[in-house]
Amino acid sequence: SRRARERGLAYYDPSVDSYSADRLTMVSELQQALANNELRLYLQPKLDCRTERVSGLEALIRWPGRSIPVGADKIIRLAEQTGLIKPLTRWVLRQSVLIRERLCAEGHTVQLSVNISPNNLREPDFPAFVGQLMSDNPRHKGAIIFEITETSMMQDPANALTAVNSLASAGIPVSIDDFGSGYSSLSYIKQLPASEIKIDRSLITDIATREEDRVIVQTTINMCHSLGYRVVAEGVEDTATAKLLISMGCDMIQGYLLSPPLPIEEALVWLDDRQEP
Ligand code: C2E
Ligand code: CA
Ligand code: CA
Ligand code: CA
């Protein structure tokens, strides 16, 4: 840890963070923002490499209207540490149904991906909540995908497996997020009824310049394909990287090259512009 500090890496110290007054203020502000419906979901498109069409959008949380911006990672971390993640994720899920309703009404019947926290997988009534939401909104069944990080599933693999299985039987496709950033065992991943693997941005960033990274990504794509998964590359920022991924057989790409996450109104305009022949 001393060596890491010397190299300029800061370590997160929960014992300091949890007693800071700033943090307490922010938690109660977050709670209010949630209650007052001030949080937003921004949408980032995913491109199908074969058809070159948008095949889906990912919903990412934003907290606009704050003097000091708070990033999604921090919002989620605060929510997870305080139990707020339960109502927050339920808000995200209800909101995602409304968003997909709107997308379909405007002629964009694409998939919508939402991020789920490992804490949600530990809520005993989570599958029931999701099952109810889907049976109330049957047209979105199968079209709302849950992204769950590889690392979060490894915190409690047995429980994650049970939870993901009951989500799958409620008609929820599952995507393994940030794949390659943790140390999961393939024999575990193989047991999950997931349909999609998202290769972590850290593996994608340097493929245009680093041979080793290219080999790792190509091997990952081949392996995932042999196991029957669709493969998404995240964090694609330039054309060279996109072209490489297409030549490597990657199924979908996502990243700033295509578009940053956009508020829904802007996303709808973006989709309309793109769809013009
Ligand atoms: P993630 O799910 O891995 O999402 C990808 C992150 O990379 C997003 O950051 C996105 O804005 C960013 N990104 C997209 N394309 C590029 C690119 O080309 N280059 C770079 N450098 N970054 C790119 P964001 O929106 O700040 O979200 C951070 C993380 O917070 C997410 O990582 C996810 O783990 C979590 N998160 C966001 N929204 C939610 C939510 O509604 N619920 C939960 N549980 N977690 C969420
Ligand atoms: Ca994600
Ligand atoms: Ca990711
Ligand atoms: Ca991530």
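These legends describe close-up views of a predicted model.

**View 1. Protein donors around the calcium ion (ligand 3).**
Three residues supply the donors: D177, D178 and E234. Along the chain, their spacing reads D-D-x55-E.

**View 2. D177 between two calcium ions.**
D177 bridges the calcium ion (ligand 3) and the calcium ion (ligand 2). These two ions lie 3.9 Å apart. Is D177 buried or exposed? The relative accessibility of D177 is 5%, so this residue counts as buried, the cut-off being under 20%.

**View 3. D178 between two calcium ions.**
D178 is part of strand β5, which covers residues 174-179. D178 bridges the calcium ion (ligand 4) and the calcium ion (ligand 3), and 3.6 Å separates these ions. With a relative accessible area of 22%, D178 is partly exposed.

**View 4. The two sides of helix α13.**
Helix α13 spans residues 239-247. Which of its residues are buried? They are T241, A242 and L245. Seen down the helix axis, the buried residues fall within an arc of 100°, so they line one face of α13. The face turned away from the buried side carries K243 and S247, which are exposed.

**View 5. What the buried residues of α13 pack against.**
Two helices are among the partners: α11 (201-204) and α12 (211-226). Two strands also take part: β7 (230-233) and β8 (252-253).

**View 6. The ends of α13.**
D238 caps the N-terminal end of the helix. A side-chain oxygen of D238 lies 3.3 Å from the backbone nitrogen of A240. After the helix comes G249. The phi of G249 is positive, near 90°.

**View 7. Strands β6, β7 and β8.**
Strand β6 (residues 196-199) pairs with β7 in the parallel sense, over four bridges. Here I197 has V231 of β7 as its bridge partner. How many bridges join β7 to β8? There are two, and these strands also run parallel. V232 has M252 of β8 as its bridge partner. From β7 the chain crosses through α13 to β8. This β-α-β crossover is right-handed.

Notes. Residues numbered from 1 in each chain as written. Chains lettered and ligands numbered in written order. Predicted model: local features only at pLDDT ≥ 70, side-chain atom pairs only at ≥ 80, totals over all residues. Heavy atoms only, no water. Donors = N, O, S within 2.8 Å, 3.2 Å for Na, K, Ca; no water. Buried < 20%, exposed > 50% of the residue type's maximum accessible area, 1.4 Å probe, protein only. Arc of directions from axis to C-beta. Contact = heavy atoms within 4.5 Å. Polar contact = N/O pair within 3.5 Å; in protein donor to acceptor, adjacent residues only side chain to side chain. Pairing = 2+ DSSP bridges. Right-handed = clockwise from strand over helix to strand, strands pointing away.
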